[in-house]
Amino acid sequence: MTVSVEGVSVRLGEREVLLDVSAEFSAGEVAAIVGANGSGKSTLLDVIAGLRRPDVGRVGVSGQIGFVRQQPAIDRLLTVRENLGFFVDVHGADRSRIGPLLDRSGLADRSNDRAGTLSGGMLRRLDLLRALSVGPRVLLLDEPTSGLDTASRSAFVTVVRELTTRDEITTLWVTHTSEETDAADRVFMMNGGRLTELYPHQRESLWEITRGGEPPIRVPRAEAQAVVASAIETGHGVECRPVLIAGQRGAAR
Amino acid sequence: MSVVVAMLRREVTRFVRQPIRAAATVGTPALLLLGLGAGLAGELGGLSDAGYAGFLLPGMIAMASLFAGVFGAISLIDDRDNGPMLAILAGPAPVRRIGFGKVLALALLAIAQSAPLLAGAWLVGLRPTAGGVLLALAGIAALAFGTAGVALAIAWRSPDTGAFHGAMNLVLLPSWMLAGAFYPPDTAHPVMRWITLADPLSWPVATIRLGLLGESRMPGPDWVFVTLTIAFALVGGACGTLMARRR
């Protein structure tokens, strides 16, 4: 196992954010973690990354970690190449990795431009490159595609899926979108600080919500009900359906 | 060592690309030196051979160093919560080495921003000796390490920028105001004299003043304040390094 989490609990003030979480993740697999906002998904990734100490329990990670969050961890004053060079140097990794990564990503022609001049999609790509530049064995993704257009999101999912399999990376992906959960080998649900693996027949407990022209997101049933209730109250249109049950479609408009 | 060098290189690159930072850090003390030095020249001109501006200069150099440390340290908070520092902290680099790299980088930048104000000595009419200039430079370096370290120690432990501003207003700015930058501690009210003596920022200010004016204007032997200045640099730098943490 590349990542093992054993009986981890985290308390923030009066609130139990993680409750006796245990799971193991293998090399070459993508594990999607879904759950309502505030259910503890990001905290779990922080604990695995070593950014937060668990109050109880143990975390084992073998190999380098690459961490990508919603907010790109990029210095906008540095150029694309300087950003990657800085990260590689701090990790004591080999700078020769940077060139091929840039070539593959399509950012080579922007390598001497300041990161602050890149588009949102390019920044995300650079952020993924940054995480990959140190040759990680574990990739932690915390909703890294939020705000991206459909084409950029699809490209991101494809790259992560390919790299995970080819380089035998263990990828833990906190997500709400159906495209990303579909690309995962296993799906876990975080609910009230508890992590549960969803078997294929249980994935229908997830609901897919579509608002306006936005791409659909997948959320647990409780959150879907809250979204629908809010949509009825505010008069905004929202489409909501259980995942994997074709033809059943409830709508609130 | 690559961690420290990488941190240093990044901070210097960022600094070079933000000229407004240097302008703000040097501009405010220079304006204060000009305004207060000229404005109070008639009343307080006897405080040094070069008038009140000559007396003020060491305190204004300290201000530039303090501002450089504070501006640099405050950027750490966003960097740590949402920026590249977060990704670095998730990696295997020892957190204390990261902390030391940050202290070193901010201290060198603080020296680069405050040392040019030494030129003000000749502009206001002071004529320090070569040894005096070296002592003043040593005082500036010690001050830079101490203030950068203390500011970073506060930043590492601040949950957000609001908390950092609070700590700065509560600790760092009053500390500078009470460091004998504006008044000679040796002739101050006894209570004020003790407060100034206990204020760590007063030690490097006294050392710089000793170098530029030939007198520290602190009650007590000068070697004590020079020694305390070195101690301030070491303790401040150590605090900034040791307080670094992943969260």
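Six strands of chain A form an open sheet in the order 5-6-7-3-8-9, and their pairing is mixed. The edges belong to strand 5 (65–68) and strand 9 (194–198) of chain A; each has a single partner strand, so one side of each lacks a neighbour in the sheet. On average, neighbouring strands here are turned by 20° against each other, direction ignored. Do keep in mind that this is a predicted model.

**Inside the sheet of chain A**

- Strand 6 (residues 138–142) and strand 7 (residues 170–174) of chain A run parallel as a pair, joined over five bridges.
- Within this part of the sheet, A:Leu141 sits opposite A:Trp173, a residue of strand 7 of chain A.
- Helix 4 (residues 120–132) of chain A packs on the sheet, where it touches strand 5 and strand 6 of chain A.
- The direction of helix 4 makes about 165° with that of strand 5 of chain A.

**Where the two chains meet**

- The contact between the chains involves 22 residues of chain A and 21 residues of chain B.
- On the side of chain A that touches chain B, strand 5 and helix 2 (80–90) of chain A are the elements that give two or more residues.
- Helix 2 of chain A provides the largest share of that side, with five residues.

**A residue to look at in chain B**

- You will find B:Arg14 in helix 1 (residues 2–16) of chain B.
- B:Arg14 and B:Val95 are 81 residues apart along the chain, and their C-alpha atoms are separated by 21 Å.

Conventions: Residues numbered from 1 in each chain as written. Chains lettered and ligands numbered in written order. Predicted model: local features only at pLDDT ≥ 70, side-chain atom pairs only at ≥ 80, totals over all residues. Pairing = 2+ DSSP bridges. Helix = DSSP H or I, 4+ residues; strand = E, 2+ residues; numbered from the N terminus. Axes fitted to C-alpha atoms, helices over the stretch in contact; angles between N-to-C directions. Contact = placed C-beta atoms within 7 Å.
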